[in-house]
Amino acid sequence: MIDAGTNDQPLLSAHSAVAATLPVVGWIWGWLFLLIPAGLLVRRLTGEFSTPLAPEVVALVASFAAAAALGLRWFSRIAFSTGRSATKHAAILWLTRLGWLLLVAAIWLPGTSVWGAAALLIAIGAEESLGRYGKLRGSLFANRADLSVAAARKAPRNLSRAKPAAGPLERHVLQQLTQGRSAHGDLFWQGIVRATFLPDQRLAAAHVAFCPPFARLPEVQAWHLVGPAAEVQVKQVLAHGARLEIKLKNEATRSCEVLLEFSAQERPTTGERT
C-alpha cells in the first residue's frame with residue numbers, strides 16, 4: 001500500500017516554502033510603496049521637482065498608486081492571514097496610508113489643476129473603499145488543484161462531530177484535539193480550533209496536524225461553532241494534517257474570534273465495508 005502522506009510530502013514542502021516567502025514579499029512591497037513617494041517628496045523639498053504635473057499625468061500616477069495599494073492590501077491579507085502574524089497586516093495598511101500621504105505631499109504642488117487634484121482624491125477614495133468594502137477575496141494557495149481536496153469533498157459517511165467535554169476553549173488554548181477509534185475500528189481525530197481576525201480582515205486559515213498520521217487520506221468535515229457568522233471550508237487534506245479556511249460573512253470591524261469544530265476519519269479502502 002502506498003503511503004499517502006509520503007506522496008504528498010513534496011507538495012507540502014513546496015507549499016510551506018512559498019508560504020514562508022509571502023511575508024517577505026509583503027514587507028518589501030509595503031516599504032516600496034512608502035519609499036517611492038518619500039523619494040518624490042525629497043525631490044520636491046530640494047527644489048528638483050517644482051512644476052505642477054499635468055492633470056492627465058496626475059491621474060495616471062494616482063491610478064497606478066491605487067492599483068499598487070489594492071494589490072498590496074489583498075496580498076497582505078494572504079501573507080498575514082492567521083495567528084499573531086495577522087497583526088502585521090494592520091502595519092502594512094498603515095504603510096500604505098502613509099505612502100498615500102507622502103505621495104499627496106509630493107505631487108500636490110501650488111498651481112496643481114482642479115482636475116488633477118480631483119483625480120488624486122478620487123483614486124485615494126476608490127482604493128480605500130474597494131479595499132475596505134469591496135470584499136476582495138480569494139487565495140493564491142487554495143490548493144484547488146490538489147487531488148486531496150477533491151477526495152475530501154466527496155460525499156462523506158457519517159462522521160462523528162466533535163463534542164467538547166469542557167465547553168468552549170479557554171482563552172489561551174488555540175486547538176483542542178482528541179484521537180480515538182469508532183465502533184467499527186476506524187481511527188479518527190476530532191476537536192475545536194480557534195481562528196483570530198483583526199479589523200478589516202475577512203479570511204483566515206487554520207492548520208490541524210494528525211500525529212500519528214492516517215494510513216491513507218481521511219475524510220474531513222468542519223463546522224462553525226462560536227463567533228461571527230462565517231463559512232468554513234476544508235481546503236487541503238493530507239494523511240498527516242488538514243488546512244481549514246474560515247471566511248467571515250462580513251469583514252470584521254474589530255478584533256474577533258471564531259471557534260470551529262472538525263472531524264477527520266479514515267476512509268475505507270476498496271472491498272471494505274460501506
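These questions and answers set values from a predicted model against the definitions behind them.

Me: What are the ground rules for numbering and confidence?
Reply: Residues count from 1 along each chain as its sequence is written. In this predicted model, local features need pLDDT of at least 70 and side-chain atom pairs 80 or more, while totals for chains, interfaces and linings use all residues, and side-chain values use heavy atoms, without hydrogens and water.

Me: Why is C211 called exposed?
Reply: Exposed means over 50% relative accessible area, buried under 20%, partly exposed in between (1.4 Å probe, protein chains only). C211 has 65%, so it is exposed.

Me: Why does C256 count as buried?
Reply: Its relative accessibility is 15%, so C256 counts as buried.

Me: What makes F33 and W100 an edge-to-face pair?
Reply: Rings of Phe, Tyr and Trp (its six-membered ring) pair if their centres lie within 6.5 Å; planes under 30 degrees apart are stacked, over 60 edge-to-face, the rest tilted. The structure holds three aromatic pairs. In F33 and W100 the centres are 6.1 Å apart and the planes at 75°, so the pair is edge-to-face.

Me: Are F33 and W100 buried or exposed?
Reply: F33 has 10% relative accessibility, so it counts as buried. W100 has 5%, so it is buried too.

Me: Why is the pair of F210 and F214 edge-to-face?
Reply: Their ring centres lie 5.2 Å apart and their planes at 80°, so the pair is edge-to-face. Ring pairs link W189, F210 and F214 into a cluster.
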